Amino acid sequence: MFDKFKISKDVYPIFVVGCMSSGKSTFINALLESDIIPSSNMACTGKPVFITLREYDEFDNTQWHSNGVCKCNIIDYNDNFSECIISDKSAKQMISDYNDTDMYNYILLEKRSSWTELLCDVHPKNENGFLVIDTPGVNNSMNDSHYKETKEIISKFNKGRFIYVITPDSFTSKDNKNMLDYINSLIKSNNKFRIDFIMNKFDIVDFEKENPYELLLEFSELLESIGFKEPKITAVSSLASVIFSKVLMREKLTRNDIVTFGNLYNKYNFYNSREYGDFDGKKITIMNKEYLPYYIEKAKDNAFGYNI
């Protein structure tokens, strides 16, 4: 597979791991600043999706450099390789077909993102980019092969960064504990592996009723009891980041998108335009209400994330 995809041996792998419905795919969409990976509360990622991720380059003239477009590399069921430049929307449908049928054996997407700076502390001089791997949810009770397949993918590498995605209402589950025990044993036996934790869906936390710092501290203590020393935890709302990106790129919004945007903007917009002054930029109108892109960008930053 890696030979056919011409993936460099020096590429740095990022394993996005977690239980079903933890929001792994939505987190990757936030990282890509594009709604390209199918996401749902049901099991969406039944097979691994590979994405090579590089930072935006103003001198890059490739077709897939622009927003809304990606390069898609495919190995089909006959083990034949092909590639195409397609819209993110078409890629999303292709990934859905990949998960639901046997049309393709593997899919590799090539994307650009400004969020790669979040990964630069891992390998700041990595000129070969990052290989982001959306792994199957490890707690699908109907298909325990997901857990085995995730471990098999990891076993192909001798280095990499785990991004373990978890939610505020699930971090004590047995499935998470089993996978975290396995990852911890890998890290202890090979110091080229490391792990960071994403507390996703943080928008479900009522900040007026719950102290977010105490919630993250409780999770940190649980991780230390498993064996992770001084775990790095970032609380995010991947959904908010994806919705804000849609609005900023002036994509067509569904009725649900509009309602979600209003609720999440109110939660993550900590700024008052009267205090900070006005800013140049064409206003965005949603349901007869005007928004300045500057404040949507700030809300997006706030949603991605709160560190401990």
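Which residue forms a salt bridge with K111, and how far apart are the closest N and O atoms? The partner is D88, and those closest atoms are 3.1 Å apart. A salt bridge here is a side-chain nitrogen of Lys or Arg within 4 Å of a carboxyl oxygen of Asp or Glu. D88 lies in helix α2 (residues 88-100) and K111 in strand β5, so this pair ties together parts that are 23 residues apart in sequence. Both D88 and K111 are buried, where buried means under 20% relative accessible area, exposed means over 50%, and partly exposed is in between (1.4 Å probe, protein chains only).

Some notes before we go on. This is a predicted model, in which local features need pLDDT of at least 70 and side-chain atom pairs count only at pLDDT 80 or more, while totals for chains, interfaces and linings use all residues. Residues are numbered from 1 along each chain as its sequence is written, and side-chain values use heavy atoms, with hydrogens and water left out. Helices (H or I, at least four residues) and strands (E, at least two) are DSSP runs, numbered from the N terminus.

## Charged partners

Side chains of opposite charge can pair when their charged atoms come close. A search of the whole structure turns up twelve salt bridges. The table shows some of them.

| Salt bridge | N to O distance |
|---|---|
| K71 and E110 | 3.8 Å |
| D88 and K111 | 3.1 Å |
| D196 and R194 | 2.9 Å |

Take K71 and E110, whose side chains meet in a salt bridge. K71 belongs to strand β3 (residues 69-76) and E110 to strand β5 (residues 104-112), so the pair links parts that are 39 residues apart in sequence. K71 and E110 are both buried.

The side chains of D196 and R194 also meet in a salt bridge. D196 counts as buried because its relative accessibility is 5%, whereas R194, at 26%, counts as partly exposed. Shared partners also join salt bridges into one network, made up of D35, K92, K246 and D257.

## Spaces in the model

Two kinds of space come up here, both found on a 1 Å grid over the protein atoms alone. A cavity is a set of points where a 1.4 Å probe fits but cannot get out, and a pocket is an open set with protein on both sides within 12 Å along at least five of seven lines; lining residues have an atom within 4 Å of a point. Grid points are joined across faces, edges and corners, and a volume is the space filled by probe spheres set on the points.

The second largest pocket has a volume of about 350 Å³. It is lined by 13 residues, of which D35, K89, K246, E251 and K252 are the closest to its centre. Helix α2 gives the largest share of this lining, three residues. By type, the lining holds one nonpolar, four polar and eight charged residues. In this count, Ala, Val, Leu, Ile, Met, Phe, Trp, Tyr, Cys and Pro are nonpolar, Asp, Glu, Lys and Arg are charged, and the others, Gly among them, are polar.

How many cavities of 30 Å³ or more does the structure hold? There is one. The largest cavity contains about 30 Å³ of space, and its lining is formed by E33, S34, D35, V242, S245, K246, M249 and E251. These residues divide into two nonpolar, two polar and four charged.

## Rings and their neighbours

A search of the whole structure finds 15 aromatic pairs. Rings of Phe, Tyr and Trp (its six-membered ring) pair if their centres lie within 6.5 Å; planes under 30 degrees apart count as stacked, over 60 as edge-to-face and the rest as tilted. Y12 and F130 form an edge-to-face pair, with 6.5 Å from centre to centre and 85° between the planes. Since Y12 lies in strand β1 (residues 12-18) and F130 in strand β6 (residues 130-134), the pair ties together parts that are 118 residues apart in sequence. Y12 counts as buried at 6% relative accessibility, and F130 does at 5%. Elsewhere, F15, F157, F162 and F193 form one aromatic cluster.

Rings can also have a charge over them, meaning that NZ of Lys or CZ of Arg is within 6 Å of the ring centre and within 35 degrees of the ring normal. K151 lies over the face of Y182, at 4.6 Å from the ring centre. K267 lies over the face of F207, at 4.4 Å from the ring centre.
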